[in-house]
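Visitor: I have a sequence and a model in hand, and I would like to go through them with you step by step.
Guide: Please put them up here, and then ask what you wish.

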Amino acid sequence: MTTHPLLDQNQKQLVIKKIQDTLLGRWVNDPQRMDKRALALVYLAQASEVLEHAFASLSDEDYDLAMRRVRELLDLEPDKEAAKEGADEVLWAVVASFF
């Protein structure tokens, strides 16, 4: 059952590509250096339970890598991330409220 339908298929593909690119092509291994919108998109996709669909077209190796990186993001402690210099405190407060 589709719980979060995105009717415009072009926009849907752009969102999927953005998520995949954030976790595979543009991974910087430091959430403080990541594009804040892309980071928020990954967290929101996880909270909405749609990441599995976004990764459906990936090879097994890329799927495993993307999921490992999502797990790294989910394992972060939002309070500690918010306290770092230059952190976006609002972003981390929202993350803390979801996870």
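Visitor: What radius of gyration does the protein chain have, and what would a compact globule with 99 residues have?
Guide: This is a predicted model, so the values that follow are computed from its atoms. A compact globule with 99 residues would have a radius of gyration near 13 Å, and the value for the protein chain agrees with that expectation. The C-alpha atoms fill a box of roughly 40 × 25 × 20 Å along the principal axes. The radius of gyration of the protein chain is 14 Å, against the 13 Å of the globule rule.

Visitor: Which pattern does the protein chain follow when read along the sequence?
Guide: The protein chain holds 6 helices and 0 strands, so the pattern is written with helix symbols, a helix being a DSSP run of at least four residues. Read along the sequence, the pattern is α-α-α-α-α-α.

Visitor: Of contacts between residues at least 6 apart in sequence, what percentage join residues at least 24 apart?
Guide: A contact here means heavy atoms within 4.5 Å. Among the contacts in the protein chain between residues at least 6 apart, the share that joins residues at least 24 apart is 64%.

Visitor: How many salt bridges does the count come to?
Guide: Side chains of opposite charge can pair when their charged atoms come close. The protein chain has 12 positive and 18 negative side chains, with the centres of the two sets 4 Å apart. With a nitrogen-to-oxygen cut-off of 4 Å, the count of salt bridges comes to 4.

Visitor: Which residue forms a salt bridge with R71, and in which helix do both lie?
Guide: R71 is partly exposed, with a relative accessible area of 45%, and its closest N and O atoms in the bridge are 3.3 Å apart.

Visitor: How far apart are the closest N and O atoms of R26 and D21?
Guide: R26 is exposed, with a relative accessible area of 61%, whereas D21 counts as partly exposed at 22%. These two residues form a salt bridge, and their closest N and O atoms are apart by 2.6 Å.

Terms used. Residues numbered from 1 in each chain as written. Predicted model: local features only at pLDDT ≥ 70, side-chain atom pairs only at ≥ 80, totals over all residues. Heavy atoms only, no water. Helix = DSSP H or I, 4+ residues; strand = E, 2+ residues; numbered from the N terminus. Rg over C-alpha atoms; globule rule 2.2 N^0.38 Å. Lys, Arg positive; Asp, Glu negative; His and termini not counted. Charge placed at Lys NZ, Arg CZ, Asp CG, Glu CD. Salt bridge = Lys/Arg side-chain N within 4 Å of Asp/Glu carboxyl O. Buried < 20%, exposed > 50% of the residue type's maximum accessible area, 1.4 Å probe, protein only.
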